[in-house]
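Visitor: I have a structure here and some questions about how its chain holds together. Could you walk me through it?

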Amino acid sequence: MPHRSTRARLALLAAVVLLGAGCEAPLQPESRRATSASPTPAASASPPASTSPSPSASAPPSVEVPEGLEQSARDQARRRAERRARRGPVLGGDISWPQCPEGMGIPERRTLGLPLPPPEAEYVVIGLTNGPSFTPNPCLADQVAWAKRRGLLTSAYVVLSGPYGDTLARHGRTGPFDAGTASGRLANLGHAQARYSLAVMRRAGLDTPFVWLDVEPVPAFDWSSDPAANAQVVRGAAKGWTDAGYRIGVYSTAALWAGVVGDLELGLPEWRAAGETSRAEALRRCGPESRIQGGPAVLGQWLQESRDLNITCPGVAADLERYFRDY
């Protein structure tokens, strides 16, 4: 039989798992769903009964839980309990290609070496692209590793963009939408953007239950002048991420959103930008007057000293695991 200390450790780990299950569990990405759903091999025929059972049959070997894993589980449970008890706003940041070392990236988006979030930040949202779609953040893996070392809650965002170059020709005829129509091809383009960024995210080792869709003008990679056409790209991208098992939200402002996709309303959670203003203004953006497309306010963002800083909107602090991965 297991030792008493081993049983206590296993019971502790089970309690941690049950505590983490209190939040709504995200759907598993397709690759992970396929792995977990694979059937187990059929059991082989039992051997003939023995008159003297082996020692292993009467006394299964004990299982020792590594001390580091036990401590990590305790720390994670403590952090979750503390967050759920909080009522005030929580500070975080977001990073992407501008925070990569200078000189990397595509010609239109050379990296800038901007500062990372301050030490008091408790979470970070990491951008997957180098500006427009189909271009990866050139230092994504390093940024993910940095966030893990810091023990930050981690999420992801992806910039969407309209057709540029030959992207529509390459991707418009493949996907879940009717490629025989212009709107279907545009939606397939958005779906392909999601598939591309998902592959980038997985290669970098970033895991998150939630992905933010950044919808705004992309200089040098302009959206079309037709909001209805642009809206099809966004719809396709949204389906691409949800098809893969992720919850999604929208990053933008009311004006930028309307300028790109018109009156499209998806009712998704909102991450609202306040520009180069203040924490107070970012919190004010949590109000109903700053709604973007009909969804609840989750984060407000402002720019300060070359950093993109974020603050949780009222009521979100106790439910951060819905939007972030706790490493």
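Visitor: How many disulfides does the structure hold?
Guide: This is a predicted model, where local features need pLDDT of at least 70, side-chain atom pairs count only at pLDDT 80 or more, and totals for chains, interfaces and linings use all residues. Residues are numbered from 1 along each chain as its sequence is written, and side-chain values use heavy atoms, with hydrogens and water left out. A disulfide here is a pair of cysteine sulfur atoms within 2.5 Å. On that basis, the number of disulfides is 2.

Visitor: Which cysteine does Cys100 pair with, and what does the disulfide tie together?
Guide: Cys100 sits in the loop between β1 and β2, and its partner sits in the loop between β2 and α5, so the bond ties together parts that are 39 residues apart in sequence. Helices (H or I, at least four residues) and strands (E, at least two) are DSSP runs, numbered from the N terminus. The link is left-handed, with -90 degrees about the S-S bond. At an S to S distance of 2.0 Å, the partner of Cys100 is Cys139.

Visitor: And the other bond: is the disulfide of Cys286 and Cys313 left-handed or right-handed?
Guide: The S to S distance between Cys286 and Cys313 is 2.0 Å. Cys286 lies in the loop between α10 (279-284) and β7 (297-304), while Cys313 lies in the loop between β8 (307-312) and β9 (325-326), 27 residues apart. The torsion about the S-S bond is about -80 degrees, so this disulfide is left-handed.

Visitor: Are Cys286 and Cys313 buried or exposed?
Guide: Buried means under 20% relative accessible area, exposed over 50%, and partly exposed in between (1.4 Å probe, protein chains only). Cys100 and Cys139 both come out as buried. As for Cys286 and Cys313, both are buried.

Visitor: Which residues of helix α5 are buried?
Guide: Helix α5 covers residues 140-150. Looking down the axis, the buried residues fall within an arc of 160 degrees (taken from the directions from the helix axis to the C-beta atoms), so they line one face of the helix. What covers them includes β1 (91-95), β2 (123-127), β3 (153-159) and α7 (182-203). The buried ones are Leu140, Gln143, Val144, Trp146 and Ala147.

Visitor: Which exposed residues does the face of α5 turned away from its buried side carry?
Guide: Just after α5 comes Gly151, with a positive phi of about 70 degrees. On the helix itself, the face turned away from the buried side carries Asp142 and Arg149.

Visitor: What is Ser197 in contact with, leaving aside its neighbours within four places in sequence?
Guide: Ser197 lies in helix α7 and, at 2% relative accessibility, counts as buried. Its C-alpha atom is separated by 8.5 Å from that of Thr135, 62 residues apart along the chain. Contact means heavy atoms within 4.5 Å. With those neighbours set aside, Ser197 is in contact with Leu128, Thr129, Val158 and Trp241.

Visitor: Which residues touch the most other members of the largest nonpolar core?
Guide: A nonpolar core is a set of buried Ala, Val, Leu, Ile, Met, Phe, Trp, Tyr and Cys residues joined through side-chain atoms within 4.5 Å. The largest one has 68 residues, and the pair touching the most other members is Trp212 and Trp241.
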